[in-house]
Amino acid sequence: MSYPFSAVVGHTDLRLALLLNAVHPAIGGVLVRGEKGTAKSTIVRGLAALLPAVDVVQHCRFSCDPAAPDPDCPDGPHTPPNTPSHTVRRPALLVELPVGATEDRLVGSLDLERALTGGVRSYQPGLLCAAHRGVLYVDEVNLLHDHLVDLLLDAAAMGRAYVEREGVSVSHAASFLLVGTMNPEEGELRPQLLDRFGLTVEVAAARDVDTRAEVIRRRLAFEADPAGFAREWSTSDAELAAKIVAARAALPAVRLPDVELRRIAALCAAFEVDGMRADLVLARTALAHAAWRGSDAVTEADVEVAARLALPHRRRRDPFDEPGIDEQQLQQALRDAAGQAEEPEPPDDGGSGAPSPDQSSVDDSDSAPAPAAQPDPAFRARLLELNGLGAGAPGRRSRARSAFGRTLRAAPAGGHGLHVVGTITAAAPHQLARGRSGAGLVLRPDDLRRAVREGKESNLVLFAVDASGSMAARRRMSAVTGAVVSLLLDAYQRRDKVGLLTFRGRTAELVLPPTSSVEAAVARLRRLGTGGATPLADGLLRARKALAVERLRDPRRRALLVLVTDGRATVAVKADPVEDAMRAAGLLAADGVASVVVDCERGPVRLGLPHRIAEALGGACVRLDELSADRVSGVVRAMRRSA
């Protein structure tokens, strides 16, 4: 039994965003961002109970509406008349998409073997079908593979799901209220995917003692007697459900006056959002809010509410920018828009007062607890790629066997999906002996061939950054931090996990354990202090320990160590600092860790220590100024010895 929607304490914006989407699903869904333990999932699950029941065609797996059945429904055609005896009423469903879901689980699967033998399309529906005319809930959407997120958002935008395998295709209606939740500490969604969600809401645990006490009180009461607690709140939930039905019915008659339409356009121009999706979402949200209030026309108050929900995540331009909206900026933009809404001239977007990304980064650096050099501007980094063929999570860095990518060949086993041509080729010579007489092939289990595909995988990239005194010259450290930020941006685009380790003084510190949040790594790097001795050996040993732990957690994900140093070790573990560093590098090489050493030596006298360390690691060595793809073309391949 789900927790009653009305019983949730606080989270006013989240509840409103969900209710407005229930009134007007064309808004495009809700993305809920927040720390763990803030009742994100609880609120979403409570929403489904408020949605009106739906009429469906009896025995239709795709939940077709009897009044307007899908003409291309795989279970159709549904011949009229659809009499009451052919109609079933059921509650709107809440369907959950797990993080580990496959493409077939999401969109459905085609039985290609049956298509070959019987000449018929046999389709097993997926979760998009189950969610049609209901709610599709994706917990931890930021951990879902980009390929699945693209499929999900395409279906939500088009109201239709498509499945195609080897030239056999099926499509069906898939209209649903999409709700995704995520913890930003575990990594952000790409800005392109963020923009596809209609509204976004930030949630956080209340700091007020009375509010927290009430949350505990209600939760304990629910756990002690779920049915009794639900009855206690049933009247409030029923009132909300009735209000949703009324608002849906009133929505088509709600007017959007031209002055408010111009206000919406002026707001979006002031915030410099990309494209026109924000304008449309803002308009739909304002209409839904007016209908929810029981008004027959949109007002400025409706537009302001819509802006708070629809604009924050669309202001993110750089991948490392934090989504959000400044209250003062919003109020200033509303005042500016009020004047422009009256004017016939196009809106002027020059007075929004928005701080530039550069200003934001300067403020962040100035507030750092330790002195830090301002990073040089980021550049397009050369690809650092692992040698060999992996089998890790899909990504964009190193070559790997995968379910996606180009097909290399057919094989009796070990591939992904059926290789149709290979199967036909294997079965064709035996058709006469098997007594084939009809149109379909006569197949045997040993005829089946699987498609061996090669794609790209994501990796774990552990950055070990030398922050010692020999690196601390402000100009050099600016170049180093700029280069590492560029490599982090590259890791973000290639869907890697990243970790950040620094060494200075007497020891090394794992500043950021391996995570999917590249943004967190950039934030730590920008606060990096410098100075002191160079404990290079300790840094390498600490990196070895961190990578060993990650191998146990995720043995399929290959790791890449990026060591950024001038190699001038000054702190010994046993005897000589340099020899200790070489021995530590040899241990990493023996573990089979792929590595790249970024040579930060400068000046007329160069000792060549980074090259010696790279040789001991069995990896590649590149100079700091060779990391830019605009200066030096080609791929840097990190060698990896067999452990």
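## Ser6 and its surroundings

Let's start with Ser6, which touches Arg15, Arg218, Trp233, Ser236, Asp237 and Leu240, leaving out residues up to four places away in sequence. Please keep in mind that this is a predicted model. Ser6 sits in the segment before α1 and, with a relative accessibility of 12%, counts as buried.

The structure contains 4 aromatic pairs. In one of them, the ring centres of Tyr3 and Phe222 are 5.1 Å apart and the planes meet at 70°, so this pair is edge-to-face. Because Tyr3 belongs to the segment before α1 (12-23) and Phe222 to helix α8 (residues 209-224), the pair ties together parts of the chain that are 219 residues apart in sequence. Tyr3 is buried at 8% relative accessible area, and Phe222 is buried too, at 7%.

Tyr3 also pairs with Phe229, this time in a tilted arrangement, with 5.3 Å from centre to centre and 35° between the planes. Here the segment before α1 is linked to helix α9 (residues 226-232), where Phe229 lies 226 residues away from Tyr3. Both Tyr3 and Phe229 are buried. Ring pairs join Tyr3, Phe222, Phe229 and Trp233 into a cluster; Trp233 is also one of the residues that Ser6 touches.

In soluble globular proteins, nonpolar side chains tend to be buried together. The largest nonpolar core in this model has 64 residues, and the members that touch the most others are Leu267, Leu282 and Trp292. Helix α12 (residues 277-293) supplies the largest share of this core, with 10 residues. Setting aside neighbours within four places in sequence, Leu267 is in contact with Leu282, Val303, Ala307, Ala333, Leu334 and Ala337.

## Leu460 in strand β15

Leu460 is found in strand β15 (residues 460-466) and is buried, with a relative accessible area of 3%. Which residues does Leu460 contact, leaving aside neighbours within four places in sequence? They are Lys497, Val498, Gly499, Pro514, Leu547, Glu550, Arg557, Arg558, Ala559 and Leu560.

## Helices α20 and α21

Helix α20 (residues 577-590) packs against helix α21 (residues 609-617) at an angle of about 35°, and the two axes are 7 Å apart. On the α20 side, the contact is made by Val578, Glu579, Met582, Ala585, Gly586, Leu588 and Ala589. On the α21 side, Leu609, Arg612, Ile613, Ala616 and Leu617 take part. By type, the residues of this contact are 9 nonpolar, 1 polar and 2 charged.

Which residues of α21 are buried? They are Leu609, Pro610, Ile613, Ala614 and Leu617. Viewed down the helix axis, the buried residues of α21 fall within an arc of 140°, so they line one face of the helix. An α-helix has 3.6 residues a turn, so residues three or four places apart point the same way. The elements covering the buried residues of α21 include α19 (536-553), β18 (559-565), α20, β19 (594-599) and β20 (620-623). After α21 comes Gly618, which has a positive phi, near 75°.

Methods. Residues numbered from 1 in each chain as written. Predicted model: local features only at pLDDT ≥ 70, side-chain atom pairs only at ≥ 80, totals over all residues. Heavy atoms only, no water. Phe/Tyr/Trp six-rings, centres within 6.5 Å; stacked < 30°, edge-to-face > 60°. Helix = DSSP H or I, 4+ residues; strand = E, 2+ residues; numbered from the N terminus. Buried < 20%, exposed > 50% of the residue type's maximum accessible area, 1.4 Å probe, protein only. Core = buried A, V, L, I, M, F, W, Y, C linked by side-chain atoms within 4.5 Å. Contact = heavy atoms within 4.5 Å. Axes fitted to C-alpha atoms, helices over the stretch in contact; angles between N-to-C directions. Nonpolar A, V, L, I, M, F, W, Y, C, P; charged D, E, K, R; others polar. Arc of directions from axis to C-beta.
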